[in-house]
Amino acid sequence: MSDCLFCKIVAGQIPNHTVLETADALAFLDIFPCVDGHVVVIPKTHAATLPELPIDKVGPLYEAVQAAMKRMQDVLVCDGFTVGWNHGEAGGQAVPHLHIHILPRWEKDGGGNMHSIIKIPTKIPVAEMAAKFKV
């Protein structure tokens, strides 16, 4: 996609600070990091969201996430990671190209877990919600 920021990075039109590159993915330092060493992993194939990524590219993307985490562990000697992505505008996705954030974590860094991202009291009991997913 010619106007996609991340496609331009993949094409070499915009510089980045590469952490890891594979045939199918690119991992680089986030230019607006939440923490030192914040890495973004993108598929080289343009897809705005995970369901849009061709199924044969999903495995290689996650392999790149795993390899980037190993590299980050070696370089940063961190205690853990928070890994995730924002899906769609309502989910906070700012760049319409799938990208997975890897945040290195250290003991007592003050960061929260996934349950700290959004706190809206549930209105539907879990059993009732589960019934909606019955197949």
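Biologist: Among contacts between residues at least 6 apart in sequence, what share joins residues at least 24 apart?
Modeller: This is a predicted model, where local features need pLDDT of at least 70, side-chain atom pairs count only at pLDDT 80 or more, and totals for chains, interfaces and linings use all residues. Residues are numbered from 1 along each chain as its sequence is written, and side-chain values use heavy atoms, without hydrogens and water. A contact means heavy atoms within 4.5 Å. For the protein chain, the share is 52%.

Biologist: Which pattern does the protein chain follow along the sequence?
Modeller: Helices (H or I, at least four residues) and strands (E, at least two) are DSSP runs, numbered from the N terminus. The protein chain has three helices and five strands. Read along the sequence, the pattern is α-β-β-β-α-β-β-α.

Biologist: Which are the edge strands of the sheet?
Modeller: Two strands pair if DSSP finds at least two bridges between them. The open sheet has the order β1-β2-β3-β5-β4, with antiparallel pairing. An edge strand pairs on one side only. The edge strands here are β1 (18-21) and β4 (80-84).

Biologist: Which residue in β3 stands opposite Phe28?
Modeller: Strand β2 covers residues 25-29, and strand β3 covers residues 39-43. They pair in the antiparallel sense over five bridges. Opposite Phe28 stands Val40.

Biologist: At about what angle does helix α2 run to β5?
Modeller: Axes are lines fitted to C-alpha atoms, for helices over the stretch in contact, and angles run from 0 to 180 degrees between N-to-C directions. Helix α2 (residues 55-76) lies across β1, β2, β3, β4 and β5 (100-105). Its angle to β5 is about 25 degrees.

Biologist: How many disulfides does the count give?
Modeller: A disulfide is a covalent bond between the sulfur atoms of two cysteines. The rule asks for a pair of cysteine sulfur atoms within 2.5 Å. The sulfur of Cys7 has its closest cysteine sulfur in Cys4, at 3.7 Å, so it is too far for a bond. The count comes to zero.

Biologist: Is Cys78 buried or exposed?
Modeller: Buried means under 20% relative accessible area, exposed over 50%, partly exposed in between (1.4 Å probe, protein chains only). The relative accessible area of Cys78 is 5%. Cys78 is therefore buried.

Biologist: How are the ring planes of Phe6 and Phe28 classed?
Modeller: Rings of Phe, Tyr and Trp (its six-membered ring) pair if their centres lie within 6.5 Å; planes under 30 degrees apart count as stacked, over 60 as edge-to-face and the rest as tilted. The centres of these two rings are 5.7 Å apart. Their planes stand at 75 degrees, so the pair is edge-to-face.

Biologist: How many residues apart in sequence are the parts that Tyr62 and Trp85 tie together?
Modeller: The ring centres of Tyr62 and Trp85 lie 6.4 Å apart, with planes at 70 degrees, so this pair is edge-to-face. Tyr62 lies in helix α2, and Trp85 in the loop between β4 and β5. The parts tied together are 23 residues apart.

Biologist: Which residue's backbone oxygen lies 2.6 Å from a polar side-chain atom of His99?
Modeller: His99 is found in the loop between β4 and β5. At 7% relative accessibility, His99 counts as buried. Among the residues that His99 touches are Phe6, Val40 and Trp85. The backbone oxygen in question belongs to His97.

Definitions and conventions. A polar contact is a pair of N or O atoms within 3.5 Å; within protein, one must be able to donate a hydrogen and the other to accept it, and residues adjacent in sequence count only if both atoms are side-chain atoms. Lists of a residue's contacts leave out its neighbours within four places in sequence.
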